[in-house]
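Please go through them with the structure open.

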Amino acid sequence: MKKPLGLYLHIPFCRSKCLYCDFCSMPHPSDEAMEAYVEALCRDLHWWSERCADYTVDTVFFGGGTPTVLPVRLLERLTEVLWHDFCIDPTAEITAECNPVTGERERFLRMRRAGFNRLSIGLQSAHQRELRALGRLHDFDTFCHCFSDARDAGFENISADVMSGIPHQTPVSRMETLQKLCALGPEHISSYDLIIEEGTPFARVRDRLALPDEDAARQMYFEGCEFLTSGGWKQYEISNFAKEGYESRHNLKYWSCEEYLGLGVAAHSDFGGARFGNSRDVSAYLRGEDITEEHSIPSLAERMNEYVMLRMRLCEGVDYQAFASRFGRSFESVFGKGFSKYEPHGLVICDGAHCAFTTHGMLVSNAILSEVLDFSGEI
Ligand code: SF4
C-alpha cells in the first residue's frame with residue numbers, strides 16, 4: 001500500500017511586489033526567466049519522482065509568488081511532468097494560488113483541463129483605499145471578474161484570502177469586505193492578520209502606518225468568526241473557514257504533520273523522517289545546484305512539540321488517542337497540566353478525549369503555546 005504525499009511547488013514570480021510581502025517572489029519576470037525556472041522544476045520533479053515510488057500524491061499546491069503569472073503553457077508543462085512521473089490519486093486536490101489581475105477565462109479553462117481543481121485567490125480587502133495601502137494591483141471589480149471567470153471555467157472549489165489589520169481598516173470596512181466576498185459564495189475563506197516583516201517597505205515606515213489598534217483587531221476577529229460561521233463557513237483552523245467538505249486538504253497535511261515534499265526555491269519538506277528547506281537562490285537553482293540549506297532529523301520531543309503546536313491551530317485540537325498511537329506517550333502525561341490551567345479562564349477545553357482552544361483561546365494561542373511547549377528536548 002502506497003503512502004499519501006502532499007507536493008508543494010514554489011513559483012517565485014509576481015506581476016509586482018506588494019508592500020508587506022516577505023514571500024520569495026520577484027516582480028516583473030521575463031518569459032525567459034519563467035521558462036528556465038519551470039525547466040529546473042521539471043528536472044527536480046523528475047529526480048524526486050524516483051524517490052517517491054512508494055507514495056501516492058493526493059494533494060498538490062502551486063504557491064508563490066503567483067503561479068498564475070506563468071504563461072499557461074508552462075503550467076501545463078508542469079502538470080504533464082507531474083502526471084507522467086508521479087502516481088497521482090485521481091481524486092487529488094490540485095490548487096493554484098492566483099492574483100486577481102492574472103485571472104482570465106481562457107487561462108482557467110486550460111488549467112481545468114490540465115487537472116487543476118482548486119484556486120486560492122488573494123482578495124485581502126474589498127476597499128480600494130486598503131488595497132492601495134497594501135500595494136495591491138487590483139480592485140474589487142477585478143476580483144469579481146476573476147472569480148466569475150473561474151466559475152465559468154468549471155472551478156467548483158475556490159478559496160479567497162482576506163486580511164485584517166490593514167492600514168485604514170476599521171471593523172465596519174472589514175465587515176463590508178466579508179459581506180461582499182461571501183455574496184460571491186466561495187467554498188473556503190482564509191483570514192490572516194497583516195504581519196509587518198523586517199526588510200519589507202512596510203517595516204521601513206512602520207511608525208507612520210495607520211494600523212487598527214488592539215481593540216479594533218479583537219472586534220474584527222470575533223465579528224468575523226461569528227459572521228462567517230453563521231453564514232455556513234465553519235471555522236476549522238485559527239485563520240481558515242470552509243463550507244462542509246471544502247477544508248484545504250493540502251494545508252491539513254501541514255497542521256497534522258503528515259508528509260509533504262516542497263520543490264523549488266524557498267520550499268520546505270517533511271519527508272522520510274527528515275525536515276529540510278531550500279534557499280531563495282534562484283540562480284543556483286537554475287544551475288542545478290543543491291539549494292538545501294536546512295536539514296534535520298527531529299527528535300521525538302521536537303516531533304511531539306511540533307505536532308501539538310500545529311494540531312492546536314485546528315478547532316478539533318489534539319485527539320488523545322491519535323497522539324498516543326503516534327508517540328507511544330499519553331498527551332495528558334506530557335502536556336495535560338500545561339493546558340488544563342487555562343481551562344478555568346475559558347481559553348482551552350480538555351474533555352478527556354481532545355484538547356482544543358476556544359475561540360477566545362485562539363486569539364492568544366501563541367502566548368499559551370510558548371508557555372506550554374518545551375523545545376529544550378527535556379520532555
Ligand atoms: S501577490 Fe502575494 S506573493 Fe506576490 S507580492 Fe503580493 S503578497 Fe507577495
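1. The chain is divided into two parts, domain 1 covering 3-254 and domain 2 covering 299-379. The model is a predicted one, and in it the centres of domain 1 and domain 2, taken over C-alpha atoms, are separated by 29 Å.

2. Where the domains meet, eight residues of domain 1 are in contact with eight residues of domain 2. On the side of domain 1 that touches domain 2, the elements that contribute two or more residues are H8 and strand E9 (234-237).

3. Is Asp-215 buried or exposed? Asp-215 counts as exposed because 9 other C-beta atoms lie within 10 Å, and a residue is called exposed if that count is 12 or fewer.

4. A further point on Asp-215 concerns its relation to Ala-274: the two residues are 59 residues apart in sequence, while their C-alpha atoms are 42 Å apart in space.

5. Turning to the ligand, which residues surround it? The shell is formed by Cys-14, Lys-17, Cys-18, Cys-21, Phe-23, Ser-25, Gly-64, Gly-65, Thr-66, Asn-99 and Gly-122.

Note on methods:
Residues numbered from 1 in each chain as written. Predicted model: local features only at pLDDT ≥ 70, side-chain atom pairs only at ≥ 80, totals over all residues. Near = placed C-beta within 6 Å. Buried ≥ 20, exposed ≤ 12 C-beta atoms within 10 Å, placed from the backbone. Domains from an automatic or database assignment. Contact = placed C-beta atoms within 7 Å. Helix = DSSP H or I, 4+ residues; strand = E, 2+ residues; numbered from the N terminus.
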